Amino acid sequence: MYFTDRGIEELEDRRGDDEVTLAWVADRMRAFVDLNPEFEDATERLATFLARDDADEE
């Protein structure tokens, strides 16, 4: 298990039943980067990964 799995599991446990828009996710990601600018590159990479999910094209 990766260390990040704990955060992902917490997200699923706390918000797994919530319905959110991608606009809400983008807003939360911007707020996170504003508070944690050292994670800007990783956040940008995650956003790009989610935006370019090629599985949608099949």
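What percentage of the 58 residues of the chain count as buried? In this predicted model, the share that counts as buried is 7%.

**Figure 1. Overview of the three helices of the chain.** The chain contains three helices and zero strands, and its elements follow the order α-α-α from the N terminus. Its accessible surface amounts to about 5900 Å², with 51% of that area belonging to carbon and sulfur atoms. The mean pLDDT of the chain is 88, and 86% of the residues reach 70 or more. Among the elements, helix α2 (residues 22-35) has the highest mean pLDDT, 96, while helix α1 (residues 4-15) has the lowest, 87. Where pLDDT is low, the predicted coordinates should not be read in detail.

**Figure 2. The salt bridge between Glu10 and Arg14.** The closest N and O atoms of this pair are 2.9 Å apart. Glu10 and Arg14 are four residues apart in helix α1, and therefore about one helical turn separates them. Glu10 counts as partly exposed because its relative accessibility is 40%. Arg14, with a relative accessible area of 66%, is exposed. The chain has two salt bridges in total.

**Figure 3. The salt bridge between Asp18 and Arg15.** The side chains of Asp18 and Arg15 meet at a distance of 3.4 Å, N to O. Asp18 has a relative accessible area of 39% and is therefore partly exposed. Arg15 is likewise partly exposed, with a relative accessible area of 44%.

**Figure 4. Thr43, a buried residue of helix α3.** The relative accessible area of Thr43 is 13%, so this residue is buried, the cut-off being under 20%. When neighbours within four places in sequence are left aside, Thr43 is in contact with Met29, Phe32 and Val33.

Figure 5. Because its relative accessibility is 43%, Leu46 counts as partly exposed. Ala51 also lies in helix α3, and at 67% relative accessibility Ala51 counts as exposed. Ala51 and Leu22 are 29 residues apart in sequence, and their C-alpha atoms are 9.9 Å apart in space.

Technical notes:
Residues numbered from 1 in each chain as written. Predicted model: local features only at pLDDT ≥ 70, side-chain atom pairs only at ≥ 80, totals over all residues. Heavy atoms only, no water. Buried < 20%, exposed > 50% of the residue type's maximum accessible area, 1.4 Å probe, protein only. Helix = DSSP H or I, 4+ residues; strand = E, 2+ residues; numbered from the N terminus. Contact = heavy atoms within 4.5 Å. pLDDT = per-residue confidence, 0-100. Areas by Shrake-Rupley, 256 points an atom, 1.4 Å probe, with all protein chains shown as cover. Salt bridge = Lys/Arg side-chain N within 4 Å of Asp/Glu carboxyl O.
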